[in-house]
Amino acid sequence: MPIKSKNIIRNFFKVISTSLLGTTLAFSSISHAITIIPEAPQINAKGYILMDFTTGKVIAQSNADMQLAPASLTKMMTSYIIGKELKSGNISNDDKVTISENAWAKNFPDSSKMFIEVGTEVSVELLNKGIIIASGNDACVAMAEHIAGSEGAFADLMNAHAEQLGMSSSFFENSHGLDSSSHMTTPRDMATLAGAIIRDVPDEYALYKQKSFTYNNIKQYNRNSLLWDKSLNVDGMKTGHTSNAGYSLVTSATKGNMRLITVVMGTESERARKVESKKLLNYGFRFFETFTPYQAGEVFATNRIWMGDKKEVDLGITMDIPITIPRGQRKNLEATFELDQQLKAPIAKGTIVGKLFLQLGNEEIAQYPLVTLQEVNEGSFFSKVVDYIKLFFAQFFE
């Protein structure tokens, strides 16, 4: 064979090797000027965290894993369990709870209470509101006994749920949060719990935005003063205070399609926990955004497939991929994918064939399984023979 013909064949298979057997592709826009994002504001608290609810992205934090006394933030776990029990049908809002001496309001003379009286019957619905809105320690004990038989057994249940949620630095000894030697949590764990309440028991979370509650002819107001702040759309969550713990606040707020969670623990005053939480929320909404660059089922790339009844197959993802990034940085987001196998028919729709990576600068934002979006059947005998020959020669030029 003439040398010229050999070179043509060699070059042909080099093209096949580089263009059709490649396993990594990158898609990015032309680089633009980087948007300046200021540092998070100074927060005067023992520990805090600012997190996006949808993505779990931590936007700002300090001492987020420091174990601190939660005070009445504890009631969020009590509320979570009540919400789960209601959802599963183990209890109902209409259940009547007989108030024991342990749950009597007189046992809590210098702390928040619902003002329930021993021997009376109170519905689960009212006790639940008394816990969330009025922060009633007495109501917590009543519900703990109704669900688990005793407050000690209920504490075991609280710790089991904490473990299940991944709250690895938390330990609960009671249902209400009055100071106890080993009763501890962290800002990160409380943000995890807040997200679980919003996600898992939305009917329960809906109670957190109620501004007042009346029982026994006593009207009490929700201590989360950010619910009245018209500059923010705050719809929860919970305050906490003891002399040992200081003043704490867990909040959640929305703006557009973005929801943020803040946890501020151990501030010096009721006003301070409000001010510091508001700083974090304003910072998060002003300088960050959460959006979905790729939708489930959307074609991300098209790749060569061998031995099939078609030459190419569309690749994509099976879930929406919301991400949280600094505002103004969408244009600098890069998407790449890697194939972990050579694509050969037959192949089923939804087969995982690699990974999709999202990167901003040197930071990997997220990664997701990359799947085939169509089924590809085997091709004809002749087409399979041709592909086999191409693959055979292409391996020499990789």
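This talk walks through one predicted protein model, from the whole chain down to single residues.

First, some ground rules. Residues are numbered from 1 along each chain as its sequence is written, and side-chain values use heavy atoms, with hydrogens and water left out. Since the model is predicted, local features need pLDDT of at least 70 and side-chain atom pairs count only at pLDDT 80 or more, while totals for chains, interfaces and linings use all residues.

Now the overview. The protein has 9 helices and 17 strands. Helices (H or I, at least four residues) and strands (E, at least two) are DSSP runs, numbered from the N terminus. Of the 398 residues, 48% are buried. Buried means under 20% relative accessible area, exposed means over 50%, and partly exposed lies in between, with a 1.4 Å probe and protein chains only. Next, contacts, meaning heavy atoms within 4.5 Å. Take the contacts with a separation of 6 or more: 67% of them join residues 24 or more positions apart.

Let's go to the sheet. In what order do the strands of the open sheet run? There are 5 strands, in the order β3-β2-β10-β9-β8, and the pairing is antiparallel. Two strands pair if DSSP finds at least two bridges between them. At the edges sit β3 (58–62) and β8 (233–242), each pairing on one side only. From one strand to the next, the twist averages 5 degrees.

Look at the β3 end. Strand β2 (residues 47–52) pairs with β3 over 4 bridges, in the antiparallel sense.

Over to β8. Here 8 of the 10 residues are buried, so β8 is largely enclosed by the rest of the structure. β8 pairs with β9 over 9 bridges, again in the antiparallel sense. A hairpin of 3 residues joins the two strands. Threonine 239 has leucine 249 of β9 as its bridge partner.

Stay in the sheet for threonine 262, in strand β10. Is threonine 262 buried or exposed? Its relative accessible area is 0%, so it counts as buried. Leaving aside neighbours within four places in sequence, threonine 262 touches residues including Ile49, Leu50, Leu249, Val250 and Leu281.

Next, helix against helix. The axes of α2 (residues 75–88) and α6 (residues 187–200) come within 10 Å and cross at roughly 25 degrees. That makes α2 roughly parallel to α6. Axes are lines fitted to C-alpha atoms, for helices over the stretch in contact, and angles run from 0 to 180 degrees between N-to-C directions. Under 35 degrees counts as roughly parallel, over 145 as roughly antiparallel, 65 to 115 as roughly perpendicular, and the rest as oblique. From α2, the contact uses Met76, Met77, Tyr80 and Lys87. From α6, it uses Met190, Leu193, Ala194, Ala196, Ile197 and Asp200.

A second pair is α4 (residues 137–148) and α5 (residues 151–165), with axes within 8 Å and a crossing of roughly 80 degrees. These two are therefore roughly perpendicular to each other. Val141, Ala144, Glu145, Ile147 and Ala148 of α4 meet Glu151, Ala153, Phe154 and Leu157 of α5.

Valine 97 sits in strand β4 (residues 96–98). Its relative accessible area is 5%, so valine 97 is buried. Among its contacts beyond four places in sequence are Thr120, Val124, Leu127, Ala142 and His146. Valine 97 and glutamate 145 are 48 residues apart along the chain, yet their C-alpha atoms are separated by 9.0 Å.

Most residues other than glycine have a negative phi, and most peptide bonds are trans. Serine 135 has a positive phi, near 60 degrees. Serine 135 lies in the loop between α3 (124–132) and α4, and at 3% relative accessibility it is buried. Asparagine 217 also has a positive phi, near 65 degrees. That residue is in the loop between β6 (212–215) and β7 (218–221), and at 79% it counts as exposed. Now the cis bonds. One runs from glycine 236 to methionine 237, with omega near 20 degrees, and methionine 237 is in β8. Another joins alanine 345 and proline 346, with omega about 0 degrees. Proline 346 is in the loop between β15 (333–339) and β16 (352–360).
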